[in-house]
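Hi,

Here is the structure I promised to pass on. Have a look at it first, and my notes on what turned up follow below.

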Amino acid sequence: MGNYSIAQKEKISEGTIWYSLQSGKLKKKQKEPQQQITNRSERSQQNLAASMGIGIAATRGEERIMAATGLLAEAPTVFAPHNNVMNAGVLFSLPALLSQGLLKSTSIYEPLPKGFYSFVHILMLLAFMAFSRIKNPEQLKKSPPGELGKVLGLNRIPEAKCLREKLSLIVSQEKAENFERILSKEWITSEECLFFYIDGHVRVNHGYQANLPKKFVSRQKLCLPGTTEYWGHGLHPDGYRDRASLPDEHAR
């Protein structure tokens with residue numbers, strides 16, 4: 001806003017503003033420097049330059065050194081403006097994940113030892129991997145580590161070996177059943193339905209290392225080795241008062 005506009009707004013003369021600026025009674029507000037918005041090619045060059053020191057896309061070197069020496073409990077999550085971030089669309093799923101109680105696991109699981117990546121970082125990484133169709137840590141090698149790290153608010157994601165170590169620490173607590181029980185109670189109480197039914201789905205195993213029992217696969221009409229997943233579904237009443245009055249496909 002110029003001096004004339006300010007004078008009109010404050011109902012004073014423009015000369016008064018000019019005199020105050022010259023005498024030092026008023027000072028113009030300095031514009032804050034805008035944070036540079038980078039694209040994917042620029043980030044690739046920065047990641048390669050950082051790889052000469054600690055590793056690829058390890059641009060937050062001081063925090064990593066502090067975490068390695070035990071001076072930092074976890075790296076802070078910091079988001080910055082970027083363009084063309086790979087798999088950034090998974091952030092649209094974040095409100096849905098939070099509404100379903102994903103972060104309630106922090107009250108069940110014990111925090112991980114001091115390090116750069118915290119329990120929440122690993123948890124969100126697993127959720128984003130599922131939405132990005134990344135099935136295991138080894139498949140992360142095909143994706144630029146810095147791109148998915150920007151989605152987490154970090155400089156990069158952990159390596160496959162580091163991620164498996166973190167997962168081993170989480171699995172060793174053996175609290176998955178407690179977490180599942182708490183989420184199930186919350187989902188059931190939030191559903192406005194009278195009936196729940198269990199639906200079994202057979203997941204066929206096409207490998208040769210595991211010795212699994214054979215399950216009947218209805219879509220192929222064969223008995224094949226695999227595992228059975230049981231899904232709980234809520235059935236809205238829609239006027240049905242009791243189980244006997246439900247349609248046959250639901251009553252079964």
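Helix α9 holds both Arg 181 and Glu 177, which sit four residues apart, about one turn of the helix. Their side chains meet in a salt bridge at 3.3 Å, N to O. Arg 181 is partly exposed at 38% relative accessibility, while Glu 177 counts as exposed at 55%. Bear in mind that this is a predicted model.

The count comes to six salt bridges. Another one pairs Glu 186 with Lys 104 at 3.9 Å, N to O. That pair links distant parts of the chain, 82 residues apart: Glu 186 is in helix α9 (residues 176–190), and Lys 104 is in the loop between α5 and α6. Glu 186 is partly exposed at 27%, and so is Lys 104 at 36%.

Glu 138 and Arg 164 also form a salt bridge, at 2.7 Å, N to O.

Now for the surface. Leu 98, Leu 103 and Val 120 make a nonpolar patch of about 210 Å². Leu 103 lies in the loop between α5 (94–99) and α6 (119–131) and is partly exposed at 34%.

As for cysteines, the structure has zero disulfides. Cys 162 is partly exposed at 23%, as is Cys 223 at 48%.

Cheers

Notes:
Residues numbered from 1 in each chain as written. Predicted model: local features only at pLDDT ≥ 70, side-chain atom pairs only at ≥ 80, totals over all residues. Heavy atoms only, no water. Disulfide = S-S within 2.5 Å. Buried < 20%, exposed > 50% of the residue type's maximum accessible area, 1.4 Å probe, protein only. Patch = residues over 30% accessible without salt bridge, like charges linked within 9 Å, V, L, I, M, F, W, Y side chains within 5 Å. Areas by Shrake-Rupley, 256 points an atom, 1.4 Å probe, with all protein chains shown as cover. Salt bridge = Lys/Arg side-chain N within 4 Å of Asp/Glu carboxyl O. Helix = DSSP H or I, 4+ residues; strand = E, 2+ residues; numbered from the N terminus.
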